[in-house]
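Here is a short report on selected parts of one model. Keep the sequence and the coordinates open while reading.

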Amino acid sequence: MKKLRSVLALVMVFCMMLTAVSAFAETGTNADQQKDSSAVSVIEIDSVEKLAAINKNPSGNYVLTADIDLEGAEWTPIGAFVMGGGEEGEMPDLTAAFTGIFDGQGHSIKNLKINQPEGWALGLFGCIANAKISNFTLENATVDGSVMASDVVGYSYCSEVSNVKLVNGKVNVHYTDMSAEGMYGGIVGAGMAGQIIGCEAQADITIPDNTANAGIVGGGLEMTNVSNCKATGTVTAGSNCYGIGGVSGCGFASEHFTDNTAENVKITAGDNCVWIGGITGYAGGFPDASLGMPVTVFTNCNAINVTVETGKNADGIGDIVGSGFYSAEAAATRGAPFDQPTQFELKDCKAEPAIAAISEQKKAAETDDTAEAAALLENIKGTYEALFPLITKPEYDQIWLDTCSAVLGEEAATQMAEMLKTACNGTIYGQEAIDAFGDGSDGAQFDCLFINGVSTLTFNGNTISGADESGKQVFSHDYAYVGKLVLGGMMEGYLYETTDEDAGEFKYFYMMPDTPATTFHLEFRYGSNVDDLAKYNEGPYAYWLAAAFPVDADAEMIKNVIELFCLENLDYSVHSEGSLAQMKALGFEGKWVADMSPFGEDYANVELYMTIDENGHGLTFMNGQQTRDFEAFAVDNGEKGDGAGLYVAFDNEAKEPEAALYTMVKNDNNQIVLTFYAADGVISYVKAE
């Protein structure tokens with residue numbers, strides 16, 4: 001998923017939330033322990049001016065004594081979010097937030113409008129802390145913001161929001177650099193360690209690409225309990241979003257969601273969206289009470305006439321809860337319990353009808369998948385042998401060394417090349433490999449050979465067959481595409497099945513979308529059980545993923561596949577001293593202006609140049625606009641000193657490396673000319689004086 005930064009940020013607040021709760025327990029100022037209003041002077045509100053004046057005394061005790069119309073008012077939210085304590089500043093500065101009591105006494109506030117596309121913590125109330133707001137209706141509210149946006153409360157910290165009704169609410173989110181952290185809802189945008197009780201929201205929430213945590217009642221709720229709330233309306237999300245629900249975007253480490261209903265709700269999401277639920281997108285905690293992250297219990301929560309429509313690659317869609325929370329990055333860095341999704345329980349919950357993410361977009365995606373799966377089998381026609389026994393022969397050692405040398409420097413290349421070759425030259429898999437490698441955290445070898453007596457495989461359209469070393473046929477079946485399969489939660493490929501009853505261990509073929517034309521090789525698994533094929537380091541196929549190479553491939557394809565394998569598995573985050581020394585000695589540092597003349601009149605007025613600094617960091621500019629940010633590496637391979645070698649550029653945005661042969665020579669005008677010879681063409685640069 002392309003949202004690790006925001007997902008990890010949520011994981012990191014576990015300890016923050018505990019700090020926040022303990023701090024308020026010590027001071028006794030939690031909303032559940034709110035001061036007795038009878039002992040505090042009550043301030044009556046009956047006009048726009050008096051409502052706005054709450055910001056002058058945000059710790060007061062207020063009651064609404066009349067309906068208020070905000071038509072035409074430039075509204076400043078009551079209480080502002082200013083970062084205070086906590087590891088991420090999640091505890092607001094109490095001098096800026098609203099920390100008092102607001103009782104609407106059944107009155108209404110109408111026609112709220114806030115238009116701050118880059119604003120934080122927006123709503124009628126911007127930020128409340130240790131506060132209690134209740135008993136009013138907000139009608140015809142529209143809020144445009146960026147982070148923690150809501151019609152009623154942008155950010156609720158250790159507070160209670162109760163008996164608030166939202167009618168005809170709208171929240172429109174505008175993307176900024178911080179929008180990935182999300183948190184958008186009709187009643188509460190972001191909620192930390194509080195309560196939402198007896199609230200009702202009829203609203204339309206719209207969020208753009210690459211955002212998260214949106215629901216009609218609440219957005220991003222952490223350690224916040226929700227009870228007796230009802231949601232009606234729509235949530236519309238762009239692509240690459242997560243945490244979307246009818247009632248809330250998430251209920252992370254909340255104790256309970258009780259007696260909540262999402263009714264007549266439509267959720268629409270673009271491509272690559274995950275964790276979508278009729279009540280909440282994701283929720284839960286862990287059974288270990290000492291962690292302070294309780295397992296969330298959903299009791300009598302119902303999704304009535306809730307529909308979910310998604311684009312391609314939707315995942316984690318549930319009738320009530322989409323998923324438990326999980327971050328692979330947090331699992332890798334923090335270990336248990338973060339290596340497992342958060343847990344939740346459902347008691348007496350229902351969805352009528354059951355939510356099915358089948359939309360026109362989804363149907364189109366399924367059609368596309370079928371066409372892609374058929375095209376894959378067509379594009380890989382031919383006979384294949386195992387890849388790694390071939391490309392690790394001593395005669396190809398120099399290709400491994402050259403590619404590793406370009407990125408790491410020549411001194412470190414030998415060790416890295418041997419490490420890469422060893423990693424995929426394993427000869428054991430299944431239980432034997434599990435016994436040897438465990439979960440793989442301390443290292444493992446992958447078996448990339450063919451198994452079950454197969455020496456060569458032939459793909460001929462829908463027919464896949466295999467032969468042993470003597471050429472005798474081991475199996476031959478016709479296969480049909482049945483859907484996508486994700487290996488180990490990481491790699492997605494196409495699953496094909498034969499109906500032949502005698503297929504045994506060749507019943508299913510799981511194919512990665514590789515072809516000789518794109519990656520110069522194939523990767524796949526075959527077996528008798530789909531669940532086992534989807535497992536990475538457990539089950540009968542643990543640590544096995546076959547890699548195949550065309551038996552009629554030429555030397556150029558062998559070179560290409562070795563380079564690709566090396567480039568995909570090297571570290572580009574830091575330039576080694578050896579690699580920088582190579583770049584400096586070869587003369588890559590400086591400004592290089594492209595020669596556009598070979599590209600015709602269409603490029604006559606295009607100015608293209610790149611710069612490479614002393615640290616190997618490169619930038620490309622076209623007509624003054626930066627178009628690429630990359631790390632540059634190079635080595636003089638082959639005949640030393642001939643001005644030719646291998647160049648590698650790692651794109652810092654796409655996170656992908658590219659390689660090309662290069663020459664660096666002087667022209668008739670004594671200018672240094674750098675020429676790249678890549679698979680997609682040739683281009684020359686002249687070094688600027």
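The text below covers a sheet, a helix and a single threonine.

The model is predicted.

**The sheet.** 7 strands make an open sheet. Their order is E7-E10-E13-E17-E21-E25-E29, and the pairing is parallel. Strand E7 (125–129) and strand E29 (321–324) are the edges, each pairing on one side only. From one strand to the next, the twist averages 10 degrees. Strands E13 (residues 188–192) and E17 (residues 218–222) run parallel and are joined by 4 bridges. Gly 191 stands opposite Leu 221 in E17.

**Helix H10.** This helix covers residues 555–568. At 1.5 Å a residue, its 14 residues should span 20 Å, and the end C-alpha atoms are 20 Å apart, so the two agree. H10 is largely enclosed by the rest of the structure, because 10 of its 14 residues are buried. Among them are Met 557, Ile 558, Val 561, Phe 565 and Leu 567. Asn 560 and Glu 563 are buried too. The buried residues of H10 pack against the elements tabulated here.

| Packing partner of H10 | Residues |
|---|---|
| Helix H5 | 388–391 |
| Helix H6 | 397–408 |
| Helix H7 | 410–423 |
| Strand E40 | 546–550 |
| Strand E45 | 644–651 |
| Strand E46 | 656–666 |

**Thr 675.** Thr 675 sits in strand E47 (residues 672–678). Is Thr 675 buried or exposed? Its relative accessibility is 8%, so Thr 675 counts as buried. Its side chain makes a polar contact with the side chain of Ser 684, at 2.8 Å. Leaving aside neighbours within four places in sequence, Thr 675 is in contact with Leu 661, Tyr 662, Thr 663, Val 682, Ile 683 and Ser 684.

Methods:
Residues numbered from 1 in each chain as written. Predicted model: local features only at pLDDT ≥ 70, side-chain atom pairs only at ≥ 80, totals over all residues. Heavy atoms only, no water. Helix = DSSP H or I, 4+ residues; strand = E, 2+ residues; numbered from the N terminus. Expected span 1.5 Å × (residues − 1). Buried < 20%, exposed > 50% of the residue type's maximum accessible area, 1.4 Å probe, protein only. Contact = heavy atoms within 4.5 Å. Polar contact = N/O pair within 3.5 Å; in protein donor to acceptor, adjacent residues only side chain to side chain. Pairing = 2+ DSSP bridges. Axes fitted to C-alpha atoms, helices over the stretch in contact; angles between N-to-C directions.
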